[in-house]
Amino acid sequence: MTLKKTTLAILASAALTVSLSARDQIKMVGSSTVYPFASAVAEELGATTKYPTPVVESTGSGGGMKLFCAGNDLNTPDITNASRRMKTKEFKLCEKNGVTKITEVVIGFDGIAFAESKDNKPFSVTTKQLALAVAAEVPGKNGKLIDNPYKKWSEIDSSLPNREIIIYGPPKSSGTRDAFEDMILKATFKKMPEYTSLYKKDKEKYKAYKKYHKVRQDGVYVPSGENDNLIVQKLVKNKNAFGIFGYSFLVENEDKLIGSKINGVMPTPDAISSGKYPVSRSLFFYIKNSHEKDVPAMKEYVNMFTDDMMIGENGILTEIGLIPLPKAQRETIKTRVSKRQNLTLEDLKH
């Protein structure tokens, strides 16, 4: 081989190595609830910096965690968004696959809206009534648990309208589904002896009833994918139906939809941030720190996302439904993120 050919071969090999070991474009996956916020920051990054607009996929919180925790290879995501905190089993999966340098970022608050078409009269429901509408098993007349027979709201409580129960909601892979199950089903049923007495009777046989959160599968609750806009479209077509999704989608579609009161409280920014609205939660994204050297855009994206310009009290993201954290909490998070403080298993237990 001539010197010229040898030089060209070396240069080609070096170029290939660089292309395999570094990239300009950030890859993100995860929550459909966080998706609008992550996309807005991604677009801002593409418009105002030398970096291309990041790729943001809506895979659901659970689906995003699986992809994120698959390994450190650059074919895996750099960031995953989540509408609930990382679970310990997900952290252990990351650890098993060598993803040990992860920084957790809280971006703000969100409420889970229970919404309907604006053509309907306002609806008010308690957490218990909502749990009984969605659960796979409910107490029967003799106090024993039976398959959920309720087809109309009035069958749950005579004070509710004589209206068909049909609920379009998130699938199992969704963080919104996890949060809804935690705050509505588990929180309700842990106070009801029909469920807890079974667990006390035989802890091994009935362990599922200690934190009961099984959702009915008889067509009343309809899992509707990770695209919350599809739920919005279905509510416009079916006036009887309700939808479950993040508050930001209610804000974006307030010309079409209205939120329902839960325990007498409407989903509003003040009610959500104060915790008065009973289905409120924090939103997150997780950084794979091992990628930052080879994906230099990550640093600028993270700095932009955590800046008050985006998530502060008058930030850009508040215009599309993000509810800001208190200033002191935002400053604490900024400090933690600037140091790329690694998440630990102990952190997740608190």
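Predicted model: local features only at pLDDT ≥ 70, side-chain atom pairs only at ≥ 80, totals over all residues.

Reply: First, the classes: Ala, Val, Leu, Ile, Met, Phe, Trp, Tyr, Cys and Pro count as nonpolar, Asp, Glu, Lys and Arg as charged, and the others, Gly among them, as polar. Numbering starts from 1 along each chain as its sequence is written, and side-chain values use heavy atoms, without hydrogens or water.

The largest pocket holds about 1,000 Å³ of space. (A pocket is an open set of points on a 1 Å grid where a 1.4 Å probe fits, with protein on both sides within 12 Å along at least five of seven lines; lining residues have an atom within 4 Å of a point.) Of its 34 lining residues, Lys-87, Lys-89, Asp-178, Glu-181 and His-213 come closest to the centre.

Now for the elements, which are DSSP runs (helices H or I, at least four residues; strands E, at least two). Helix 3 (61–68), helix 4 (88–96), helix 7 (175–189) and strand 9 (221–223) each bring at least two residues to the lining. Helix 7 gives the most, with five.

So who packs against helix 7? Helix 5 (residues 127–134) does, at an angle of about 100° and with the axes 9 Å apart. That makes helix 5 roughly perpendicular to helix 7 (the label covers 65 to 115 degrees). In this contact (heavy atoms within 4.5 Å), Thr-127, Lys-128, Leu-130, Ala-131, Leu-132 and Val-134 of helix 5 meet Phe-180, Ile-184, Leu-185, Thr-188 and Phe-189 of helix 7. By class, that contact has eight nonpolar, two polar and one charged residue.

Technical notes: Points joined across faces, edges and corners; volume = space filled by probe spheres on them. Axes fitted to C-alpha atoms, helices over the stretch in contact; angles between N-to-C directions. Parallel < 35°, antiparallel > 145°, perpendicular 65-115°, else oblique.
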